[in-house]
Amino acid sequence: MCPKFNTVSEILRVLKTFIAYLKRPDLYPELGRKIVKNTVNRGNAFKGKEKTNSWAASTAVTQKEAVAMLFGIDIDPFRTSYADILKTADQREKECPIKMGGPGALELIYYACEFANAKSVVETGVAYGWSSLAALLSLEKRGGLLYSSDMPYLAQDGDQYVGYVVPENLKPNWKLFRFADKESLPKIFTENPSFDVVHYDSDKSYNGRFWAYNELYKHLRKGGIFISDDIGDNSAYQDFCESNNIKTTVVEYEGKYIGVFVK
Ligand SMILES: C[S@@+](CC[C@H](N)C(=O)[O-])C[C@H]1O[C@@H](n2cnc3c(N)ncnc32)[C@H](O)[C@@H]1O
């Protein structure tokens, strides 16, 4: 089946993205995967969505409950302790000339790092860098490192704005890999094979998730924390947990579901 383009601007956006890919040979493998994903494999994005949403709705708790249950920590101090930094980050997001996704459950990420006494964290999906900021605020206390993977925003010339809300003073604790996960993650695992916390928030397709979940899980230490955003997009997270006998907590956050478990 051919992809459907609704407007001239959509056709132009696809063309612009395609040309930007052609200029970046390091992203050719992802270009090939994107073509397959958007043509023969279009159903993959929503595979099992209904089943997973009713499962998630039946078991979900709030972020506050999850952090208390799993880590025994109250999430309230985060917003007051980091009020100034979060306000500045918010202003940076507003000033940013390109538009990306906003903040997720920052307390969950921050307190996961605190609970795990994290010295090394890996995340997929950076955008403005809200999740990166949450992890870095904890990691900097221990001189730890965050390894992030993000596809540059090719259609918007947005490369330079990835991680825009992360303050300069936290950047020495941060390594950003600007490739697709399939290329970034092997490079990251060669540099650092074992992580205290992993956070997934990038390729939302079923296949992309399933591949990355298995890779991230292999490189998560025992007792480490696994977090995945937007698990209601399809059943990849539920299927991954069931096939590995993992008992997961589901968090409902702003109308979406996040999965989290301690390995
Ligand atoms: C929802 S945003 C991430 C938001 C971020 N975690 C935060 O809290 O601010 C998803 C990001 O994943 C990136 N992405 C999508 N597919 C990807 C892939 N295959 N490899 C790497 N990054 C990808 C997008 O470029 C986008 O920046």
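**Exercise 1. Is the crossing of H7 and H8 left-handed or right-handed?** Work out how these two helices sit against each other.

*Solution.* Keep in mind that you're looking at a predicted model.

Step 1: Find the helices. H7 covers residues 106-115 and H8 covers residues 130-139.

Step 2: Get the geometry. Two packed helices are described by the angle between their axes and the distance between the axes. For H7 and H8, the angle is about 30 degrees and the axes are 8 Å apart. Angles under 35 degrees count as roughly parallel, so H7 is roughly parallel to H8.

Step 3: Settle the handedness. H7 and H8 cross in a right-handed way.

Step 4: See who's touching. H7 brings Leu 106, Ile 109, Tyr 110, Cys 113 and Glu 114. On the H8 side you'll find Trp 130, Ser 131, Ala 134, Ala 135, Leu 137 and Ser 138. Sorted by class, the residues in this contact are eight nonpolar, two polar and one charged.

**Exercise 2. In what order do the seven strands of the open sheet lie?** Then find its edges and follow some of its pairings.

*Solution.* Step 1: Read across the sheet. The order is S3-S2-S1-S4-S5-S7-S6, with mixed pairing.

Step 1: Spot the edges. They are S3 (174-177) and S6 (249-253); each has a single partner strand, so one side of each has no neighbour in the sheet.

Step 2: Ignoring direction, neighbouring strands are turned by 15 degrees against each other on average.

Step 3: Zoom in on a parallel pair. S1 (residues 120-124) and S4 (residues 195-200) run in the parallel sense, joined over four bridges. Within this pair, Val 121 of S1 has Val 197 of S4 as its bridge partner.

Step 4: Go to S6. Its pairing with S7 is antiparallel, over five bridges. Val 250 has Gly 259 in S7 as its bridge partner. S6 may be an edge strand, but S6 is mostly covered, with four of its five residues buried.

**Exercise 3. How do H10 and H11 pack?**

*Solution.* Step 1: Take the numbers. H10 and H11 (residues 236-243) meet at an angle of about 40 degrees, with their axes 9 Å apart.

Step 1: Name the arrangement. At that angle, H10 is oblique to H11. The crossing is right-handed.

Step 2: Collect the residues. H10 supplies Tyr 206, Arg 209, Phe 210, Tyr 213, Asn 214 and Tyr 217, while H11 supplies Ala 236, Tyr 237, Asp 239, Phe 240 and Ser 243. The classes come out as seven nonpolar, two polar and two charged.

**Exercise 4. Are Ala 127 and Glu 254 buried or exposed?** Start with their backbone angles.

*Solution.* Step 1: Recall the background. Most residues other than glycine have a negative phi.

Step 1: Check phi. Ala 127 has a positive phi near 50 degrees, and Glu 254 has a positive phi near 45 degrees.

Step 2: Ala 127 lies in the loop between S1 and H8. Glu 254 sits in the loop between S6 and S7, a hairpin with two residues between the strands.

Step 3: Answer the question. Ala 127, at 13% relative accessibility, counts as buried, whereas Glu 254 is exposed, with a relative accessible area of 63%.

Notes:
Residues are numbered from 1 along each chain as its sequence is written. This is a predicted model: local features need pLDDT of at least 70, side-chain atom pairs count only at pLDDT 80 or more; totals for chains, interfaces and linings use all residues. Side-chain values use heavy atoms; hydrogens and water are left out. Two strands pair if DSSP finds at least two bridges between them. Axes are lines fitted to C-alpha atoms, for helices over the stretch in contact, and angles run from 0 to 180 degrees between N-to-C directions. Angles under 35 degrees count as roughly parallel, over 145 as roughly antiparallel, 65 to 115 as roughly perpendicular and the rest as oblique. A crossing is left-handed if the near helix is turned anticlockwise from the far one by less than a right angle, and right-handed if clockwise. Contact means heavy atoms within 4.5 Å. Ala, Val, Leu, Ile, Met, Phe, Trp, Tyr, Cys and Pro count as nonpolar, Asp, Glu, Lys and Arg as charged, and the others, Gly among them, as polar. Buried means under 20% relative accessible area, exposed over 50%, partly exposed in between (1.4 Å probe, protein chains only).
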